[in-house]
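Subject: Structure handover

Dear colleague,

Here is the structure I said I would pass on. My notes are below it.

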Amino acid sequence: MKQDLSDFRKSYEKFALNDADLSENPIEVFREWFDAAVNNDTVDEANAMSVSTIGVDGFPKTRVVLLKRYTEEGFIFYTNYESEKGKAIENNPHVCLSFFWPGMERQIIIKGKAEKIAPNMSDGYFESRPILSQISAIVSPQSSVVPSREYLEEAQKDLEIELKGKYPERPAYWGGYLIRPQSIEFWQGRPNRLHDRIRYTLNQDYDWVMERLAP
């Protein structure tokens with residue numbers, strides 16, 4: 001079956017990205033864009049982001065996770081360290097994050113290096129989660145083949161009964177990653193495909209260099 005999509009077009013006309021209006025600090029620009037996305041009715045989950053890794057099989061893979069914190073140091077998300085993405089990061093910590101907010105005609109692409117956060121930080125976030133989410137993180141061997149959904153549901157019920165309402169401890173194989181950015185690119189859709197692209201790159205002196213890229 002074939003389908004021709006060559007006539008699918010949209011004109012991007014909502015915003016512009018002017019160099020003179022931008023902070024020298026890309027984290028500050030990210031904060032402004034993120035806050036705008038949170039408060040925009042067209043955006044459902046502003047903190048949903050794609051994480052791309054290079055797998056141990058040599059292939060790139062992208063999946064959507066949720067950003068849970070960001071600071072001047074970088075961007076934090078949580079996962080199973082023994083999952084496919086965890087093994088990929090262990091093998092090659094260079095990753096790419098991407099936010100796309102189509103209703104705002106905006107995209108952010110972040111290239112950086114992943115590292116595990118301190119255990120006490122992972123503990124704090126794990127303890128803040130609902131108990132059933134904690135249980136799911138424990139019983140799910142993320143990315144592994146399982147016989148059925150019922151297998152996972154039974155494991156969840158069994159642990160719930162075993163805990164008797166008590167909260168479990170965070171397993172050592174589950175925790176957070178901090179992505180320390182080396183480049184952050186802001187993309188703003190513009191009319192006639194002449195889009196705005198501003199990239200910040202961290203130089204050897206750990207200063208951010210801002211450049212405009214051709215669309």
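The notes cover strand pairing, pockets and salt bridges.

This is a predicted model, in which local features need pLDDT of at least 70, side-chain atom pairs count only at pLDDT 80 or more, and totals for chains, interfaces and linings use all residues. Residues are numbered from 1 along each chain as its sequence is written, and side-chain values use heavy atoms, with hydrogens and water left out.

Strands

Helices (H or I, at least four residues) and strands (E, at least two) are DSSP runs numbered from the N terminus; two strands pair if DSSP finds at least two bridges between them. Strand β5 (residues 94-101) runs antiparallel to β1 (residues 48-54), joined by three bridges, with S50 opposite S98. Eight bridges join β5 to β6 (residues 106-116), also antiparallel, and here F99 stands opposite I108. The β5-β6 hairpin has four residues between its strands, and E105 takes a positive phi near 60 degrees.

Pockets

A pocket is an open set of points on a 1 Å grid over the protein atoms alone, where a 1.4 Å probe fits, with protein on both sides within 12 Å along at least five of seven lines; lining residues have an atom within 4 Å of a point. The largest pocket is lined by 17 residues, with Y78, T79, R129, Q142 and W174 nearest its centre. Strand β4 gives the most to that lining, four residues. The second largest pocket is lined by I27, E72, E73, R180, P181, Q182, L202, Y206 and W208, and β7 (residues 174-188) contributes the most, three residues.

Salt bridges

The whole structure has 13 salt bridges (a side-chain nitrogen of Lys or Arg within 4 Å of a carboxyl oxygen of Asp or Glu). Two residues from the lining of the second largest pocket, R180 and E73, form one of them at 3.4 Å, N to O. R180 lies in β7 and E73 in the loop between β3 (69-70) and β4, so this pair ties together parts 107 residues apart in sequence.

D19 and R212 meet at 2.6 Å, N to O. D19 is in the segment before α1 (26-38) and R212 in β9 (residues 208-213), 193 residues apart. R190 and D196 meet at 2.8 Å, N to O. D196 is buried at 7% relative accessibility, while R190 is partly exposed at 25% (buried is under 20%, exposed over 50%, partly exposed in between, with a 1.4 Å probe and protein chains only). D19, R190, D196 and R212 are linked in a network of salt bridges.

Regards
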